[in-house]
Amino acid sequence: MRDYDEVTAFLGEWGLFQRLIFFLLSASIIPNGFNGMSIMFLAGTPEHRCRVPDSANLSSAWRNHSVPLRLQDGRQVPHNCRRYRLAAIANFSALGLEPVLDVDLEQLEQESCLDGWEFSQDVFLSTIVTEWNLVCEDDWKAPLTISLFFGGVLVGSFISGQLSDRFGRKNVLFVTMGVQTGFSFLQVFSKNFEMFSVLFFIVGMGQISNYVAAFVLGTEILGKSVRIIFSTLGVCIFFAVGYMMLPLFAYFIRDWRMLLLALTVPGVLCALLWWFIPESPRWLISQGRFKEAEVIIRRAAQINGIVAPPTIFEPNELEDLSSQKQQTHSILDLLRTWNICVVTIMSIILWMTISVGYFGLSLDTPNLHGDIYVNCFLSAVVEVPAYTLAWLLLQYLPRRYSIATALFLGGIVLLFVQLVPSDLYYVSTTLVMVGKFGITSAFSMAYVYTAELYPTVVRNMGVGVSSTASRLGSILSPYFVYLGAYDRFLPYILMGSLTVLTAILTLFLPESFGIPLPDTIDQMLRVKGIKYKQTPSHTRILKDGEESPIVLKSTAL
């Protein structure tokens with residue numbers, strides 16, 4: 001029996017039909033690039049200080065000294081969350097006493113910001129932080145919002161594959177695209193922090209489900225030679241394009257509600273792709289809908305200017321395809337042997353660390369010195385060469401050395417950030433961008449490497465568990481950034497240390513470059529540094545040109 005690739009070989013690898021599928025599916029990823037990262041601007045925290053009401057009977061001198069100073073980055077700045085007790089300084093003002101000259105400010109009693117805050121509008125006109133006062137005692141709510149979004153991504157990771165397997169790749173792609181866009185639109189009308197956060201959770205579910213459906217649809221329609229380019233360059237670079245669009249939108253639209261409204265427009269335009277993107281013929285065949293699959297294949301031939309054979313599926317092949325039953329495996333199979341158990345644990349650590357580094361550095365962009373919009377744009381631009389380098393490394397060099405080198409690069413430069421003098425802020429920003437470059441390259445390569453480590457029988461499950469670990473890392477990442485409020489360099493020290501340790505750990509994983517893909521658990525490559533008994537089932541030779549079947553499923557960066 002011929003497989004699908006043999007049946008459709010007459011279409012060619014890179015005709016007009018394949019090019020349309022490649023670019024249209026990649027374009028559908030663009031909204032994913034700014035939906036999650038938009039929280040940097042939606043929940044931006046501008047400079048703020050305690051509000052002193054106009055009704056307070058204070059002289060101009062006392063009004064200027066109503067907020068105590070604190071030390072930050074070696075300089076005195078107004079305290080964000082405290083003020084001198086208003087009744088006391090009003091009394092001193094009424095008596096004609098002058099601050100500093102007549103009254104020792106360090107001895108004055110302080111109080112919290114009972115009348116709210118004054119927020120600077122130099123960078124943002126309004127954010128959810130300024131609208132709902134998510135500062136001081138409530139400053140934990142902003143990172144919680146981001147974690148809830150990634151929590152939605154985690155839940156979406158669980159259900160997206162099952163939905164697309166049951167209802168079809170195309171249907172799930174456009175329904176979840178509608179969920180992502182529709183609930184982003186509803187966020188514009190949020191009445192409070194709770195409503196905004198719940199809607200953001202649902203947006204996260206839609207975002208990852210949209211990504212997975214587009215990824216699987218592309219890998220199933222495109223030929224062998226184009227799939228790896230689609231999975232490492234196509235969707236990733238278009239994700240980066242969406243990310244680059246974010247600071248451009250945010251620069252010109254500085255009110256959070258209007259910005260969110262503008263960011264829904266590309267999602268609405270993507271609905272037009274429904275008439276150009278077909279269902280996956282592979283999925284239709286798996287459902288026994290052979291006639292519909294044949295219609296799509298013949299239409300592809302017509303677009304490519306190729307005459308399709310009179311009979312695409314032989315009757316005996318249809319019977320064989322209809323009767324095929326896949327052997328079932330459970331998640332416990334990832335722990336069946338000592339070798340696959342160690343690979344699973346090491347993969348979980350690798351993915352979680354990379355995710356913490358990638359999203360931590362991305363979300364920390366507003367805290368860098370310089371213009372937030374320029375820094376965000378640079379953080380997005382650096383991903384394009386990172387994905388390109390990852391693709392080249394996957395083509396020509398060993399996997400574990402490539403990933404370890406990228407992680408070493410990213411981790412070491414982050415550890416160097418604390419050594420840069422404060423006046424050389426552009427050097428610090430450059431080091432952070434180099435760190436982002438290294439971690440992004442490793443993130444892109446981890447998908448292919450993990451898929452190659454696991455055998456065919458549990459490959460999708462292994463990648464899925466690793467991806468889940470990645471989501472847990474993204475949920476934790478906002479709190480790494482949050483630690484910067486206590487020590488500016490602490491997030492870089494933690495992320496850099498974890499990244500370097502993970503790079504060392506990666507060197508103990510087996511090398512999969514140029515090795516035939518394993519089909520069974522016994523045929524898996526061995527982890528370095530552990531002795532095993534040699535078993536006959538581990539020896540396997542494939543003929544030249546033979547390729548083990550693989551269907552890569554991946555989740556969003």
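Are Tyr358 and Phe359 buried or exposed? Both are buried (under 20% relative accessible area; exposed is over 50%, partly exposed in between; 1.4 Å probe, protein chains only).

1. Basis. This is a predicted model: local features need pLDDT of at least 70, side-chain atom pairs count only at pLDDT 80 or more, and totals for chains, interfaces and linings use all residues. Residues are numbered from 1 along each chain as its sequence is written, and side-chain values use heavy atoms, with hydrogens and water left out.

2. Aromatic pairs. The structure holds 24 of them (Phe, Tyr or Trp ring centres within 6.5 Å, taking the six-membered ring of Trp; planes under 30 degrees apart are stacked, over 60 edge-to-face, the rest tilted). Tyr358 and Phe359 pair edge-to-face, at 4.9 Å centre to centre and 90° between the planes.

3. A link between helices. Tyr358 also pairs with Phe443: the centres are 5.6 Å apart and the planes at 75°, so this pair is edge-to-face. Tyr358 lies in helix H17 and Phe443 in helix H21, so the pair ties together parts 85 residues apart in sequence. Helices are DSSP runs (H or I, at least four residues), numbered from the N terminus. Phe443 has 1% relative accessibility and counts as buried.

4. The cluster. Tyr358, Phe359 and Phe443 belong to one aromatic cluster, whose members also include Trp132, Trp256 and Trp351.

5. Helix H20. Its 18 residues (399-416) should span 26 Å at 1.5 Å a residue, and the end C-alpha atoms are 26 Å apart, which agrees. The expected span is 1.5 Å times one less than the number of residues. Buried residues in H20 include Arg400, Ile403 and Leu407.

Terms used
Helices (H or I, at least four residues) and strands (E, at least two) are DSSP runs, numbered from the N terminus.
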